Amino acid sequence: MTSGPFHDLSLDKIQPAALAELQASRLQSLLQTVLATNRFYKARFKSALKGTEPAKLSLQDLPLTSRADLLNDQARHAPFGTNYSQPVSDYIRFHQGGGDSGGKVRWVDTAESWDWMLRNLSWAFSAAGIKTKDRVCFAFPFGPELSFWAAFEAAARYGTLCFPTGGMSHTARLRFMLDNGSTVLCCTPTAALRMAEAAVKEKVNIALSPVRLLFLLGEFGGSMPKLRAQLEEAWGARCVDHYALTEAGPVVFECEKTKGRLHVIETEYIAECIDPVTGKASADGQPGELVLTTLGRAASPAIRYRTGDCVRLIRPAPCACGRHLAALEGGILGRVDQVLAGAGGAVYPSTIEDLIRGYPEISEFRVEIDGPNEAKLFIEASGEPHEVAAVSRTLAAELQRLLGWRAPVELAAPGSLPRFEMRSRRWVKA
């Protein structure tokens, strides 16, 4: 791994016992801060503290926190709620979560907590092989979402030349980055697909461009094998997945040895995986909901925060890369409320999307969910009518085998399904 600014090589070498000791120490420091000054968590932890000294609290003694808890707090104490541990005048950054469901959470950060997030992103850049000589194009509209601003500022501090392209069309972005010799494209998987489509229309062979790396964030999909292969073939570049959220910041870096294995930066986060129904811990490698505790963001922390994202949390001992860090195997599998009941158990959005991506004729799709056993798929496909009809029938049969029940596949008129610039909304509640 190439060292960059903020880089701490101890993360590569830390052993499980030392990591557990470090996490316990940082958790106690965090709890001391929030129990002294943070109104939101003081109220939430009141029952857990009865008869227990704060120093003797374990993480599992504390209640889980959900997006609904934060939104309710912000509704009662507008606009930011009470989850801050310092005077409001100390905060310099505002961001707003772009969740698919349940409302958008507002978040504020101090200069110190913002720097903490940029350091975490430095890990992701370094593991991806980004160099200070790289020229990074950011294909984002730069709204209030945290991950895009954090990526841009972290790359600038890392030492790369950064190109913002907010407000440009995909064709304009493509021309801009080619004209300026960009070597890294930082964007959502959807944006990378759209720019590849624009290149075909413009008759530009982007596989011969200087772009050598796609750093994918902002939506799940960067670890799906078929989508990844599609992007790598179109761009002639390597894909690296990343996961961040407004409520927690940049959480992972992709393993250099195992594609789609996202190592948790465990010196800065405690990651848990739970059954989303019972709240009990999931076994190692079993799918469940990711729960995060931020150890370096005491000014506005997330403690046992239910992300709503489905993952397989594994603890390699060690990984092929030599690290003992926990990892999200296969990246993000989808949202908890998008999981469908299948013939052999739960079926995750990533599984279905990877199936759809196996059909090059399908240019866009949309899944409408009525419940765990009821969904409908809309597709746009190219080709002769009989060829398109055959694709629809074959896909419907594959879905039925996967799910154990019929999920209708309907053909949509060309150009009728929504196109997304930044973050896709292909999975919706009907």
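**Figure 1. Lining of the largest pocket by residue class.** The lining of the largest pocket in this predicted model has nine nonpolar, three polar and eight charged residues; Ala, Val, Leu, Ile, Met, Phe, Trp, Tyr, Cys and Pro count as nonpolar, Asp, Glu, Lys and Arg as charged, and the others, Gly among them, as polar. Its volume is about 440 Å³, taken as the space filled by probe spheres set on grid points joined across faces, edges and corners. A pocket is an open set of points, on a 1 Å grid over the protein atoms alone, where a 1.4 Å probe fits, with protein on both sides within 12 Å along at least five of seven lines; lining residues have an atom within 4 Å of a point. Of the 20 lining residues, L193, E197, Q230, I362 and S363 lie nearest the centre. Helix α9 gives the most, six residues, and α9, α10 and β19 (362–371) each supply at least two. Helices (H or I, at least four residues) and strands (E, at least two) are DSSP runs numbered from the N terminus.

**Figure 2. The second largest pocket.** About 350 Å³ of space lies in this pocket. Its lining comprises 25 residues, with L59, Q60, I270, A271 and E272 nearest the centre. Two or more residues come from each of α2 (16–37) and β12 (269–274), and β12 has the largest share, five residues. By class, the lining has twelve nonpolar, eight polar and five charged residues.

**Figure 3. The open sheet of five strands.** The order is β4-β3-β5-β6-β7, with parallel pairing; two strands pair if DSSP finds at least two bridges between them. At the edges, β4 (161–164) and β7 (238–241) each pair on one side only. Four bridges join β3 (135–138) to β4, and F138 has P164 of β4 as its bridge partner. Helix α9 (189–201) lies across β5 (184–187) and β6, at about 125 degrees to β5; angles run from 0 to 180 degrees between N-to-C directions, and axes are lines fitted to C-alpha atoms, for helices over the stretch in contact.

**Figure 4. Packing of α10 on α11.** Helices α10 (225–235) and α11 (349–356) pack at about 45 degrees, with their axes 7 Å apart. This makes α10 oblique to α11, as angles under 35 degrees count as roughly parallel, over 145 as roughly antiparallel, 65 to 115 as roughly perpendicular and the rest as oblique. P225, K226 and L227 of α10 meet E353, D354 and L355 of α11, contact being heavy atoms within 4.5 Å.

**Notes.** Residues are numbered from 1 along each chain as its sequence is written, and side-chain values use heavy atoms, with hydrogens and water left out. In this predicted model, local features need pLDDT of at least 70 and side-chain atom pairs count only at pLDDT 80 or more, while totals for chains, interfaces and linings use all residues.
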